[in-house]
Amino acid sequence: MHRKPRMSRRAFWATAAATLVAAGGVAAGTAIAGGEPSPRRRAGEGELRGMWLATVVNRDWPSKSGLTAAEQRAELLAHLDTAVDRRLNAVIFQVRPSADALWPSPYEPWSQYLTGTQGKDPGWDPLGTAVEEAHARGLELHAWFNPYRVAVHADPSRLVASHPARQNPDWVVPYGGKLYYNPGIPAVRAFVEKAMLDAVRRYAVDAVHFDDYFYPYPVAGQVFDDDAAYDRYGAGFPNRAAWRRDNIDLLVRETAAQIKAVRPGTQFGISPFGVWRNAATDDRGSDTRAGVQTYDDLHADTRKWVQENWIDYIVPQLYWNIGFSAADYAKLVPWWAETARGSGTRLYLGEALYKAGDPAQPAAWQDPAELSAHLTLARDFPEARGHVFFSAKEVGLDKIGAMARVVADHYQRPAEPPRRRNRG
């Protein structure tokens, strides 16, 4: 397969900027819409243009388990090339989908999504390759970890015998047909932090990224059984919900501190479900009527993480169309902008590209212009520093041309990602 010549990211962006200046264009880092500079962002501030590359259940990559190492590698590089072709500048690569690893981890088994067999060496290093090849293309590589999901089934005997969940069965809670590590056990939190930070020690990833799974999404009629942990560790909290939120707060704060210690300058970002709380629940919440609220249901106080500047960036998953009654994109963007204002935490917006052209979705998602309208709306909010698209498969396939419309309307020129900064 043809290998593109390698170029440092600094050289890549310097070349892009020089090309734009020579052509009479704008500096790299300025958003483009209809060929004009965006009024919301000063040149040089940067703009994140990302895509999630999901590996759980072979969602985006590999296309199926059991491919040869060469086939897996070729597919991975094709996704990176697609990101460049779409003028994106960051790939958020899921490297620990279910208490496993897409690198040679000393703590957890190789992911089954590579070979079809958990623990089987695929014969190459996907994360190491992704970092090297992304950087060669001028892309940031954000390593995406799911902290607590152990399996998308509920049978511990299907895990490889050496799996930490089998070695420590008291760490595991079955819930909703899946297996989870119990966030309320300090030893669990210490272990998952160690397992995730191993990748940061080994590779020059640009960021550590968590998605929206902390405590699991509620399942009707089922109880997440953490009674023993609450009895042992919950003293001093007014109720179980407050204790659970503290457990997740500790995960976030401890991970942030360890990233800074292990590889200073590496970012830490989180992409939560898009509604913190509805205004009917809390007058500080958004004008929404969402069926899930991260504060109450996932025990993730995402608003606090932003305002306390515990993380470098947040990407709320605003997976609804403009005008959607229960959760209107046009109402959530200003809420998140206000939440991030003055915090030092950068705000990016998670976009539901996967809904575009899906006949099961509302009529707005059948219009190729819906996503482009999201970016146009967000330009009015200087706190919104970019967008991330779910996910890589749709960025490439682009069923109804929604991504092509975004590129034509907003990504006519390359853009450098926002500059890193050190947390205080």
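**A tour of ring pairs and a helix contact**

Begin by selecting Trp52, Tyr319, Tyr354 and Phe390, which ring pairs link into a cluster; the model you have open is a predicted one. The structure as a whole holds 25 aromatic pairs, and the next stops look at two of them.

Keep Trp52 and Phe390 on screen: their rings form a tilted pair, with 6.1 Å from centre to centre and 55° between the planes. Colour strand β3 (residues 48-53), where Trp52 lies, and then the loop between β13 (384-389) and α13 (392-397), where Phe390 lies, so that you can see how the pair ties together parts that are 338 residues apart in sequence. Both Trp52 and Phe390 are buried.

Now select Phe389 and Tyr411, whose ring centres are 6.4 Å apart and whose planes stand at 80°, so this pair is edge-to-face. Phe389 belongs to strand β13 and Tyr411 to the segment after α14 (402-410), and the pair links these distant parts of the chain across 22 residues. Phe389 is buried, as is Tyr411.

For the last stop, show helix α6 (residues 186-202) together with helix α8 (residues 240-262), which pack at an angle of about 30° with their axes 10 Å apart. Because angles under 35 degrees count as roughly parallel, α6 is described as roughly parallel to α8, and the crossing of the two is right-handed. To display the contact, select Arg189, Val192, Glu193, Met196, Leu197, Val200 and Arg201 in α6, and on the α8 side Asn247, Leu250, Leu251, Glu254, Thr255, Gln258, Ile259 and Val262. Coloured by class, this contact of α6 with α8 shows eight nonpolar, three polar and four charged residues.

Key
Residues are numbered from 1 along each chain as its sequence is written. This is a predicted model: local features need pLDDT of at least 70, side-chain atom pairs count only at pLDDT 80 or more; totals for chains, interfaces and linings use all residues. Side-chain values use heavy atoms; hydrogens and water are left out. Axes are lines fitted to C-alpha atoms, for helices over the stretch in contact, and angles run from 0 to 180 degrees between N-to-C directions. Helices (H or I, at least four residues) and strands (E, at least two) are DSSP runs, numbered from the N terminus. Angles under 35 degrees count as roughly parallel, over 145 as roughly antiparallel, 65 to 115 as roughly perpendicular and the rest as oblique. A crossing is left-handed if the near helix is turned anticlockwise from the far one by less than a right angle, and right-handed if clockwise. Contact means heavy atoms within 4.5 Å. Ala, Val, Leu, Ile, Met, Phe, Trp, Tyr, Cys and Pro count as nonpolar, Asp, Glu, Lys and Arg as charged, and the others, Gly among them, as polar. Rings of Phe, Tyr and Trp (its six-membered ring) pair if their centres lie within 6.5 Å; planes under 30 degrees apart count as stacked, over 60 as edge-to-face and the rest as tilted. Buried means under 20% relative accessible area, exposed over 50%, partly exposed in between (1.4 Å probe, protein chains only).
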